[in-house]
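This report is meant for someone meeting the structure for the first time.

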Amino acid sequence: MTHERPGPPLARTTLDRSAHRRRDAEWLAAAWERARVLVLDTRSGGRTLITDDNRLLLFTPESAPRVPVESRLFLGEEPDGGPVFAVDAPLPTVAGARPVNLRDVGHQLDDRDAGLMTTALALANWHAAYGFSPVSGGATSAHEAGWSRIDAGGKQVWPRTDPAMIVLVHDGVAGPDGRCLLGNNAAWTGAADIRRFSCLAGYVEPGESAEAAVIREVAEEVGLPIGGISYVASQPWPFPGSLMLGFTATADPSLPVTVDPEEIVEARWFTRREIRTVLDGGTVLTHDGLRVGLPMGASIAHYLIANWVAE
């Protein structure tokens, strides 16, 4: 059973990142001896282990897979002062635990576990992709407790986050007959009898504000002018390293929707009544008889849609 929480599901945390510890090799070595260790495997899509009651399985330093000292990723300190590290390694087999992906369970985790897994995955994905320096081209190794990488000449690079906007476009009408515009992305795959619809989204381009990206992406993907742009919330999306900036905006449903076929297979207006039916597990059909699906619960798209329905 899941519970509604304030804020997007992957924006929650109880962790103190303790950035001042990252260069203190002596403190880090002592902290490792009493650490809680999160094991995840980027080679398997960033899966980690959770218990049957949806809690992260954290290891002791002795029971965690062995990795080089420089590959221990220091995530921070918990409210009780306990240090937490992550290691990227094949997952051990543990009775009573199962491997999961953050996409599937992020919304089911509590604040503490959501923050730990999101941070660990974002950091591990960055390390997996930056074996060579974009500055010098030389091979790099992990540095500063996992919060930078460094080449043989001492040139450092730091984790990057790519800003992306996501917007729920609606008609501004209150009540069950108010409508929102959702699209089915051309890149999505899934069950043959379900067509998943979500908010419109895209990366913020160089030299562009997030609000300008909202206007541009909506125009490019569905050909509509929008107004009433309002920022709602942000959420990290470590697949591999985005920060989703969530907005709402209004548009006129009487105007024609013209999709970019390279991006969008279908876009259509849904009433609150229809969206509530899908959220409650009921069936709404597309024009060609497929069941309508909505974004996964861990996504900010789901958060934006559910908030709009609840208005």
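## Aromatic pairs

Searching the whole structure gives seven aromatic pairs, where rings of Phe, Tyr and Trp (its six-membered ring) pair if their centres lie within 6.5 Å, and planes under 30 degrees apart count as stacked, over 60 as edge-to-face and the rest as tilted. One of them joins Trp-27 and Phe-74, which is edge-to-face because the ring centres are 5.5 Å apart and the planes stand at 75 degrees. This pair links distant parts of the chain, since Trp-27 belongs to helix α1 (residues 25–33) and Phe-74 to strand β4 (residues 73–77), 47 residues apart; helices (H or I, at least four residues) and strands (E, at least two) are DSSP runs, numbered from the N terminus. Trp-237 and Phe-239 form another edge-to-face pair, and the table sets out the values of both.

| Pair | Centre to centre | Angle between planes |
|---|---|---|
| Trp-27 and Phe-74 | 5.5 Å | 75 degrees |
| Trp-237 and Phe-239 | 4.7 Å | 65 degrees |

Both Trp-27 and Phe-74 are buried, and both Trp-237 and Phe-239 are buried, where buried means under 20% relative accessible area, exposed over 50% and partly exposed in between (1.4 Å probe, protein chains only). Ring pairs also connect Trp-27, Trp-32, Phe-74 and Phe-85 into a cluster.

The model is a predicted one, in which local features need pLDDT of at least 70 and side-chain atom pairs count only at pLDDT 80 or more, while totals for chains, interfaces and linings use all residues. Residues are numbered from 1 along each chain as its sequence is written, and side-chain values use heavy atoms, with hydrogens and water left out.

In soluble globular proteins, nonpolar side chains tend to be buried together.

Leu-73 lies in strand β4 and counts as buried because its relative accessibility is 5%. Apart from neighbours within four places in sequence, Leu-73 is in contact (heavy atoms within 4.5 Å) with residues including Val-84, Phe-85, Leu-123 and Gly-146. The C-alpha atoms of Leu-73 and His-170, which are 97 residues apart along the chain, are separated by 42 Å.

Thr-140 is found in strand β7 (residues 140–143) and is buried, with a relative accessible area of 11%. Its side chain makes a polar contact of 2.8 Å with the side chain of Arg-149; such a contact is a pair of N or O atoms within 3.5 Å, where within protein one must be able to donate a hydrogen and the other to accept it, and residues adjacent in sequence count only if both atoms are side-chain atoms. Leaving out residues up to four places away in sequence, Thr-140 touches several residues, including Tyr-130, Phe-132, Arg-149 and Asp-151.

## The chain as a whole

The chain contains six helices and 17 strands, and 49% of its 311 residues count as buried. Along its principal axes the C-alpha trace spans about 65 × 45 × 35 Å. Of the contacts with a separation of 6 or more, 67% are between residues 24 or more positions apart.
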